[in-house]
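Thanks for coming. Please have the sequence and the model open while I talk.

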Amino acid sequence: MMEKTAKRGTRTGFTTGACSAAAARAAVLGLVDGEVPAEVDCDLPNGQRVRFAVTEPRCEGQGWARCAHAVVIKDAGDDPDCTDKAWLTADVALRPELPGQVLLLGGFGVGTVTLPGLGLAVGGPAINPVPRQNIEANVRTAAGALLDECGLAVTISVPQGLDMARKTLNARLGILGGISILGTTGIVRPYSTAAYRASVVQGVEVAATTGAGMVVLTTGGRTEKFAIAERPGLPEACFVQMGDFLRYALDTSVKVGLKHIVIGGMVGKLTKIAQGETITHANRAEVDTGLLAELAARIGAPPDECAAIAAAETARFASERMTALGLLEPFHQALAEKVVETVIGRYPGRFQLDVLVCDFDGHKIAEASSGPLAEDPTLPAFEPEHDPAGEDD
């Protein structure tokens, strides 16, 4: 009997973070058992446990000089990701002088952070916070009692990382020498495919059938969790992870007659929406840090800080500077109001818009609203610029 395969365009894959965690876990098992396994079960940040194939398994050395090596090859599914087929490599060594500690290091092909604004230490490896936590959790689970005797140094490397990084915006963001280790859930969904766009359209259409008269659009899992807490009592189907596809989500909302839309997000994506972008993928549009500088000036930030924000490459840098100045909440309030102004300007008289802003830990910072919708019987029929089900991206 033939095995069923996933429909083309919808197959999920795994993040660089998940593959790194699996490689690290396999290498640690090699230190514990004396042999790196050919397959390893890895706990993902979203709670799933997934089995990964392991290549280049080996253990070397004796006593406290023992080390282990493992590779997991990334499968990005149907997402057109430049890191697909990357060799996420973990080398783990014993550190007898540091019992109980796990040191996470970046090797060849993992970028080095050279600028602030990414939420990572300048000079350290570009391994994002959730993958860091996930790698360490898998290492500790695999190590067990070994950590009572010694610490472990885990070095993540990517042999093809330097070449792959040239296809990203890493250098512009101040990440040099390789790719970033990313992923908040461990799963790569095909955000850049027509199939995912279609799923966003379908999600909004389903939301319209609940009778709530509202859809809550979020950019990902963390913002959805935040939005659910902010809008309790709504049917689950009202919450749609639109990813980068704001245009399709809004056009469909208007088409199906939804009169109340909520957008939940963080500073980066919301800045792109505020500047008028309706497809917010990193490869489609850069953050307008000049706009952020204008918002900062509007709430009284010093001119030198505004200049630094305008010259930066990330929205997160602006957020960090506003936090340092004690202006975090008014800055994000101004951003939320700008999002409302921009979106309602594009869809005048079509819906009430609420914008919810959270920080990188999912805590609420600000909220803005266009206010109740005034029905206008003279409003012409809505004609979307793009067919929500079409292939335009």
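Ground rules. This is a predicted model, so local features need pLDDT of at least 70 and side-chain atom pairs count only at pLDDT 80 or more, while totals for chains, interfaces and linings use all residues. Residues are numbered from 1 along each chain as its sequence is written, and side-chain values use heavy atoms, with hydrogens and water left out.

The whole chain. We have twelve helices and 18 strands. Helices are DSSP runs of H or I with at least four residues, strands are runs of E with at least two, and both are numbered from the N terminus. The radius of gyration is 23 Å, close to the 21 Å from the globule rule for 393 residues, so the chain is as compact as a globular protein of that length. That radius is taken over C-alpha atoms, and the rule is 2.2 Å times the number of residues to the power 0.38. Along the principal axes, the C-alpha atoms fill a box of roughly 80 × 65 × 40 Å.

How much of the chain is buried? Of the 393 residues, 47% are. Buried means under 20% relative accessible area, exposed means over 50%, and partly exposed is in between, with a 1.4 Å probe and protein chains only. The accessible surface comes to about 17,700 Å², and carbon and sulfur atoms hold 52% of that. Those areas come from the Shrake-Rupley method with a 1.4 Å probe; for residues, only the protein chains shown count as cover.

Contacts next. Contact means heavy atoms within 4.5 Å. Take the contacts with a separation of 6 or more: 67% of them join residues 24 or more positions apart.

Charges. The chain has 35 positive and 48 negative ones, and their mean positions are 2 Å apart. Lys and Arg are the positives, Asp and Glu the negatives; His and the chain ends are not counted. Each charge is placed at NZ of Lys, CZ of Arg, CG of Asp or CD of Glu.

Now helix 12, residues 328-346. Its 19 residues should span 27 Å at 1.5 Å a residue, and its end C-alpha atoms are 27 Å apart, which agrees. The expected span is 1.5 Å times one less than the number of residues. Buried residues in helix 12 include F331, H332, L335, K338 and V343. What covers the buried residues there? The cover includes helix 7 (246-255), helix 8 (267-274), helix 9 (289-298) and helix 11 (315-324), along with strand 17 (352-358) and strand 18 (364-369).

Nine of its ten residues are buried, so helix 7 is largely enclosed by the rest of the structure. Among the buried ones are R247, Y248 and D251. Just after helix 7 comes G257, with a positive phi of about 85°.

Which residues have a positive phi although they are not glycine? E56 is one, at about 50°. K85 is another, at about 70°. E56 sits in strand 4, residues 55-60, and is partly exposed at 38% relative accessibility. K85 is in the loop between strand 5 (67-73) and strand 6 (87-95). K85 is also partly exposed, at 46%. Beyond its neighbours within four places in sequence, K85 contacts I73, K74, Q160 and M164. I73 is twelve residues from K85 in sequence, and 5.5 Å away C-alpha to C-alpha.

Now I181. Is it buried or exposed? Buried: I181 has 0% relative accessibility. I181 lies in the loop between strand 12 (178-179) and strand 13 (187-188). Its contacts, neighbours within four places aside, include T16, L88, V110, N128 and V158. G111 is 70 residues from I181 in sequence, yet 8.5 Å away C-alpha to C-alpha.

L373 is in the segment after strand 18. L373 is partly exposed, at 23%. Not counting residues up to four places away, L373 touches K259, G349, R350, F351 and Q352. From L373 to R350 is 23 residues in sequence and 7.7 Å in space, C-alpha to C-alpha.

Last one, E97. E97 is in the loop between strand 6 and strand 7 (102-106). At 47%, E97 is partly exposed. E97 and A301 are 204 residues apart in sequence and 47 Å apart, C-alpha to C-alpha.

That is the tour.
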